[in-house]
Each structure stands twice: as structure tokens, then as C-alpha cells.
Amino acid sequence: MKFERYGKGIAKGLMVTIRHLFRHPVTTQYPEQRLNTSRRIRGNELIWDNIKCTGCATCAKSCPQGAIRIVTSVNSVENKYVVEKFDVDTGYCIQCGLCVEACPYEAIFMGYAYERAKYRRGELVQADEMLLASTERRRSGYMYPEIAAELPKQTLLVEGKIKE
Amino acid sequence: MTLNPSPNLFSRYAGTLPPDWPGGFWWHWLVFTVIIIVFVLALVMGFIWLERRGMGRMQARLGPNRTGPFGLLQPVADAIKVLLKEDIVPAKGDKIVHWLAPVVAFFPVLMIFAVVPFQNGALLADLNIGILYVVAISSVATVGIFMAGWGSSNKYSLLGAMRNVAAVVSYEIPLVLSIVGVVLIAGSLSLNQIVLAQDIPFILLQPLGFLLFFIGGCAEINRSPFDLFEADSEIVAGFHIEYSGMKFAMFYLMEYAEALAISAILTTIFLGGWRGPVLPPWLWFLIKVIAVFFVMVWTRTTLPRVRIDQLMALAWKFLLPLALINLFITGIEVLTWPAALPWAMVPVNIAIMAVLVLLWSKLFKLGWGRVEV
């Protein structure tokens with residue numbers, strides 16, 4: 001005779017839940033407790049390097065949303081473009097990273113930050129100097145392993161207790 | 001100063017009072033009414049906190065932790081929120097029934113605690129038919145629930161209420177039969193006498209009765225996995241779908257007060273009530289009640305909801321026959337067991353429980369007629 005419905009499954013389930021009671025919780029208390037994101041995160045902003053940029057507008061052409069606008073004039077003396085206006089409407093940006101991949105001069109990067117919500121749509125448009133890298137606006141390691149190596153490692157919940 | 005409204009009334013009771021009642025009938029009445037109301041309200045808040053935090057931790061999350069230390073003030077915040085909400089009565093509902101339902105549902109639950117002993121003799125009324133009174137009065141709450149389902153003029157609320165009535169009618173039988181086994185051994189219906197009779201906790205003498213009582217109790221007070229009377233995913237919220245504000249709060253309160261009542265009754269008749277070493281009796285009672293409620297939270301977190309046909313099948317094909325057999329065996333034991341060997345009954349009864357549950361698991365199938373459930 002085979003017995004299988006006498007409540008073995010219930011007992012097993014109860015053991016699973018009671019074991020979870022003594023486990024550390026996997027949720028984090030977000031505003032107080034922040035986890036390190038992936039070092040290759042495509043955060044919701046773009047970082048632009050105005051020295052390396054040649055104004056070729058490859059990024060603007062590659063953007064599926066048309067979120068990048070670049071206005072250039074010709075410097076006929078040095079035979080190159082001068083970037084007069086470079087702005088990104090991050091409200092349209094879908095964080096696909098195609099512009100980063102397309103740039104032949106390594107002049108544009110995805111941002112490492114993810115808390116860039118704004119109250120007004122107009123504030124989402126970032127232009128010229130606002131796009132440059134700074135301590136708040138770090139570059140993400142997306143497409144660039146050497147940048148990723150400098151960023152802190154991602155916090156994994158399986159590693160146990162989360163450090164504050 | 002005396003609380004007696006009229007000396008005649010007092011003298012009417014004075015002759016019938018046990019001599020150890022302090023300060024006469026009205027003092028006793030006042031003190032224990034206040035104790036019961038405070039006990040119920042405080043423990044309901046504690047239970048809400050325990051359930052939400054405990055369930056959270058068992059699901060590997062934190063649970064409410066914003067209000068006060070460890071989220072202890074969460075029930076208070078809930079209460080304030082619910083009090084400030086608008087009270088909406090459905091336009092086509094039966095207004096009087098809709099208004100009365102929460103009251104009818106809540107007060108019988110509060111009345112159960114009149115016969116629960118907090119320590120030896122410390123109870124509002126030591127009725128000699130205590131457990132019968134509990135069984136009778138706890139069923140009245142169902143009337144309130146059905147009133148809510150009917151008065152809301154909503155198909156989901158009516159469905160939920162009808163499921164509830166069906167479940168209570170079915171589960172009352174194994175519940176009462178499992179209580180009868182305890183009463184046979186204790187030889188009294190008074191809850192205080194039952195506690196005094198428990199030199200060995202009845203969970204050991206009546207393990208099967210305990211199991212049946214726990215399952216039946218959970219089903220009667222619609223705790224998960226039997227919470228299909230208010231199953232959110234099928235009938236939205238069951239009988240209290242059209243309730244808001246204070247009336248909803250009454251139903252919420254009733255739900256937890258019922259859980260508290262079942263925990264208290266279970267503690268009293270199976271776990272030895274207030275009896276225990278070292279600690280004061282009322283503390284033992286409290287600890288046991290909270291432990292029983294914790295097991296309810298535990299099962300709620302673990303088990304998925306059953307269907308209505310599975311609920312009925314469990315009551316009539318599993319619990320009822322086992323309760324009858326348990327009652328029969330207990331009756332024979334009470335008649336023939338030598339009084340000198342009460343402890344020998346423990347392994348025998350546990351073995352009987354194991355054999356019966358194993359055998360019935362062969363006979364019993366959920367979803368009769370299906371190949372696989």
C-alpha cells in the first residue's frame with residue numbers, strides 16, 4: 001500500500017516557511033538602504049565627453065527615438081566641426097545604449113546613476129555642460145570594461161546580510 | 001461608594017454568589033467586562049502586527065516597519081485610516097440589515113470570552129455549560145455575516161456569505177464532536193473545570209481531537225487555507241465587499257477576535273489553559289494563545305486556498321468520520337481505561353491518530369472523479 005496524501009506535503013511546506021522565518025529578508029529599505037547596481041547599468045542619463053567629441057552626429061543618427069540633437073558649424077581653418085549645441089531629451093531616451101555603441105570616438109557613455117526623476121518634462125532635457133561627467137554623474141561601465149573595473153561591485157542578495 | 005444600581009438587585013444575586021467573588025456581583029461584572037474588552041482589543045492589535053510581520057518574514061520580506069519601532073503602531077495607523085474613511089451604503093442594499101450586520105457579527109465573538117478562564121476561577125461567568133455556550137454563541141456570528149452578504153446587494157458578497165454559512169454548518173459538526181471527546185475525559189462542560197482536569201494536557205490525550213479542532217476552527221473563522229469566503233482572487237472580498245469605514249473595521253476586528261477566540265478555546269481545552277510551571281497563570285494563558293495564533297499564521301503563509309468542493313469534501317469525508325471514530329474510541333477509553341495509568345493513554349492515542357489519518361488518506365481523495373488533483 002502506498003501512502004501519499006496523509007499530509008506529508010503540508011509538513012514539508014510548513015518546514016519551508018518556518019525556515020524562511022529565520023532567513024534574512026531579501027527586501028531592502030530603499031531610501032535608507034541602497035544597493036550597488038550592476039556596473040554595466042544603463043542608467044537614465046547620458047554622459048558626454050566634449051573634448052573627444054568631433055561632432056560627427058553618429059550618435060544622433062543611431063538614436064531610435066531621435067532624442068539626441070546636435071548642431072554643428074564648420075571650422076574651415078582647422079578643417080573640423082565645432083559642436084554648437086548638444087542636447088539629449090532623456091524623457092524620450094529608452095536607455096538602449098545604441099549611441100554609446102555607435103560613437104566612433106568613445107565620447108558618449110551611459111550614466112551610472114538611476115535616480116534622475118524630475119518634476120517637469122522640460123528638466124529632462126539635458127544640454128551641453130550638463131552632460132559632462134562629474135562626481136555625481138559617473139560613467140557606467142556599459143561597453144567599457146575599463147570603466148566598469150573602477151566601479152563598486154554589484155550587491156548580490158544571495159551574499160547574505162546587506163551592508164548599509 | 002457602591003456600584004449597585006439598586007440594593008434589591010444586589011440582594012437578589014447575593015445569595016447565589018460563590019463566596020470568593022470579590023466585591024459582589026457588579027464589581028465582578030465590571031472588572032471582567034473591562035478586562036475582556038481590553039484583552040480582546042489589545043490582543044487583536046497584537047495579532048494584526050504579529051500576522052503581518054510574521055507573514056512578511058516567512059515570505060522573506062520585512063512586513064510593515066514604518067510606523068513606530070518594528071512597525072508596532074501599524075494597527076493603530078490602520079485603525080485611524082479606517083475611522084477617517086467615508087461610510088458608503090449601497091443604493092440598492094437593504095440598509096437596516098447592512099447597518100446591523102457588523103454589530104451582529106462582532107458581539108457574539110466578544111461574548112465568547114465571558115467563559116474563558118484567564119487563571120483559576122478568573123472568568124466573567126463560570127457557566128457549568130461553558131463549552132456548549134461557546135459553540136452556541138460562536139455560530140451567531142454567521143448570521144451577521146450572512147446579513148452582510150444579503151444586505152450588500154452584491155453577488156460576490158452573497159456568494160461569500162453563502163459559502164461561509166455552508167462551511168460553518170459543515171465544520172461545526174467535527175468541531176463539536178472533537179470537543180465532546182475532551183468533555184468525556186474531563187467530565188465537565190465548564191471551561192474552568194476542563195482546565196483543572198488537565199493534569200496531562202488534552203493535546204496528548206486527544207491528539208486527533210486537537211487536529212480536528214484546529215482544522216475545523218480555522219475553517220469556521222475563515223483563516224487561510226479556508227479563506228475562500230473572502231477569496232480576493234475570485235469573489236473580491238466576499239461578504240464585506242460593500243463595507244467601508246467603521247463597519248469594515250468591525251468586520252476586520254471580528255475576524256481577528258474570532259481567531260483570538262479559537263486560539264483561546266483551543267488553549268483552554270487542549271493545551272492546559274492557564275496551567276504551567278514558574279510563570280504566573282495569566283501569562284501562561286497569554287503565551288499559549290499567542291503560540292496557537294502563530295501556528296495559524298504559519299499555516300496561512302504555507303497553504304494555498306482550497307476550492308469550495310474541496311472544503312466540503314474535507315469536512316464530510318475526512319473530518320466527520322474521524323471525529324466520530326475518535327469520539328467512539330474516547331468513549332470506550334473513558335469507560336474501560338484503568339484510572340491508575342493515565343499516561344499510558346498518550347502513546348495509544350497518538351498511535352490511533354497516526355493509523356486513522358494514514359488509513360483515511362487512502363480512502364479520501366480531493367476532487368472526487370478526477371484522475372489527478
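Analyst: Let us begin with burial in chain B, where 42% of the 373 residues count as buried. Please keep in mind throughout that this is a predicted model.

User: Why is Leu124(B) called partly exposed?

Analyst: Leu124(B) has 19 other C-beta atoms within 10 Å, whereas a residue is buried if 20 or more lie within that distance and exposed if 12 or fewer do. The count for Leu124(B) falls in between, and therefore the residue is called partly exposed.

User: Where does Leu124(B) lie, and which residues does Leu124(B) touch?

Analyst: Leu124(B) sits in the loop between helix H4 (95-112) and helix H5 (130-151) of chain B. Leaving aside residues up to four places away in sequence, Leu124(B) touches Phe32(B), Thr33(B), Ile36(B) and Ala114(B). Between the C-alpha atoms of Leu124(B) and Met111(B), which are 13 residues apart along the chain, the separation is 9.9 Å.

User: How do you know whether the radius of gyration of chain B agrees or disagrees with that of a compact globule?

Analyst: A compact globule with 373 residues would have a radius of gyration near 21 Å, and because chain B has 22 Å, the two agree. The C-alpha trace of chain B spans about 75 × 65 × 40 Å along its principal axes, and chain B has 14 helices and zero strands.

User: What does the corresponding rule give for chain A?

Analyst: For 164 residues, a compact globule would have a radius of gyration near 15 Å, but chain A has 24 Å. Along its principal axes, the C-alpha trace of chain A spans about 95 × 35 × 35 Å, and of its 164 residues 21% count as buried. Chain A has four helices and five strands, which follow one another along the sequence in the pattern α-β-α-β-β-α-β-β-α.

User: What makes S2(A) and S3(A) a pair of strands?

Analyst: Two strands pair if at least two bridges are found between them, and S2(A) and strand S3 (residues 80-89) of chain A have eight bridges, in the antiparallel sense; therefore they count as a pair. As one example, Thr72(A) has Val83(A) in S3(A) as its bridge partner.

User: Why are strand S2 (68-75) and strand S5 (125-127) of chain A called edge strands?

Analyst: The open sheet is formed by three strands in the order S2-S3-S5 (chain A), with antiparallel pairing. S2(A) and S5(A) each pair on one side only, and they are the edge strands. From one strand to the next, the twist averages 20°.

User: Why is H1(A) described as roughly perpendicular to H12(B)?

Analyst: Helix H1 (residues 8-21) of chain A and H12(B) pack at an angle of about 105°, with their axes 9 Å apart. Angles of 65 to 115 degrees count as roughly perpendicular, and therefore H1(A) is described in that way relative to H12(B). In this packing, Gly13(A), Leu14(A), Thr17(A) and Ile18(A) in H1(A) meet Trp298(B), Thr301(B) and Thr302(B) in H12(B). By class, the residues of this helix contact divide into three nonpolar, four polar and no charged.

User: How many residues does each chain bring to the contact between the chains, and which helix of chain B gives the most?

Analyst: The contact takes 15 residues from chain B and 16 residues from chain A. On the side of chain B that touches chain A, H14(B) gives the most, with four residues. That side of chain B has eight nonpolar, four polar and three charged residues.

Conventions
Residues are numbered from 1 along each chain as its sequence is written. Chains are lettered from A and ligands numbered from 1 in the order in which they are written. This is a predicted model: local features need pLDDT of at least 70, side-chain atom pairs count only at pLDDT 80 or more; totals for chains, interfaces and linings use all residues. Helices (H or I, at least four residues) and strands (E, at least two) are DSSP runs, numbered from the N terminus. The radius of gyration is taken over C-alpha atoms; the globule rule is 2.2 Å times the number of residues to the power 0.38. Two residues are in contact if their C-beta atoms, placed from the backbone, lie within 7 Å. Ala, Val, Leu, Ile, Met, Phe, Trp, Tyr, Cys and Pro count as nonpolar, Asp, Glu, Lys and Arg as charged, and the others, Gly among them, as polar. Axes are lines fitted to C-alpha atoms, for helices over the stretch in contact, and angles run from 0 to 180 degrees between N-to-C directions. Angles under 35 degrees count as roughly parallel, over 145 as roughly antiparallel, 65 to 115 as roughly perpendicular and the rest as oblique.
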